[in-house]
Amino acid sequence: MRIEKGFVLRSVSGDNVVMPQGAALTKLNGLLLLNETSAFIWRNMEGDFEIEKIVEKVCEEYSVDENIAKNDVENFIERLKTIGCVK
């Protein structure tokens with residue numbers, strides 16, 4: 001999987017925001033505000049990625065149970081798919 005072209009993560013006034021650019025504007029009309037954990041996951045999704053590797057990184061970073069991390073990562077990615085940010 002990978003993040004679709006045209007979606008970029010920016011820091012705006014201390015907030016983590018995904019902004020569509022170019023053709024991505026047709027998929028997301030507005031901004032996507034991410035909390036710290038979601039932004040961490042997004043940063044680890046750059047390039048081709050595997051969910052299992054992201055789950056490992058979340059577990060290391062936040063000392064969370066693997067099942068909880070997997071559920072959270074999968075839910076986040078599914079939400080991004082519905083928006084059209086991930087394919």
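Tutor: Leaving aside neighbours within four places in sequence, Val-8 is in contact (heavy atoms within 4.5 Å) with Val-17, Val-18, Met-19 and Gln-21. The model is predicted, so local features need pLDDT of at least 70 and side-chain atom pairs 80 or more, while totals for chains, interfaces and linings use all residues. Residues are numbered from 1 along each chain as its sequence is written, and side-chain values use heavy atoms, without hydrogens and water.

Val-8 belongs to strand E1, residues 7-12; strands are DSSP runs of E with at least two residues, helices runs of H or I with at least four, both numbered from the N terminus. Met-45 is 37 residues away from Val-8 in sequence, and the two C-alpha atoms are 11 Å apart.

E1 pairs with strand E2 (residues 15-20) in the antiparallel sense, over six bridges; two strands pair if DSSP finds at least two bridges. One of the residues involved is Leu-9, whose bridge partner in E2 is Val-18. Val-18 is also among the contacts of Val-8. The sheet as a whole is open and has three strands, ordered E1-E2-E3, with antiparallel pairing. E1 and strand E3 (32-34) are the edge strands; each has a single partner, so one side of each is left without a neighbour in the sheet.

The structure holds one aromatic pair: Phe-40 and Tyr-62, edge-to-face, with 5.5 Å between centres and 85 degrees between planes. Rings of Phe, Tyr and Trp (its six-membered ring) pair with centres within 6.5 Å; planes under 30 degrees apart are stacked, over 60 edge-to-face, the rest tilted. Phe-40 is in helix H1 (residues 36-43) and Tyr-62 in helix H2 (residues 51-62), so the pair ties together parts 22 residues apart in sequence. Phe-40 is buried at 16% relative accessible area, whereas Tyr-62, at 30%, is partly exposed (buried is under 20%, exposed over 50%, partly exposed in between; 1.4 Å probe, protein chains only).

The buried residues of H2 are Ile-51, Ile-54, Val-55, Val-58 and Cys-59. Viewed down the helix axis, these buried residues fall within an arc of 140 degrees, so they line one face of H2; the arc is taken over directions from the axis to the C-beta atoms. The cover over the buried residues of H2 includes H1 and helix H3 (66-83). After H2 comes Ser-63, with a positive phi near 50 degrees.
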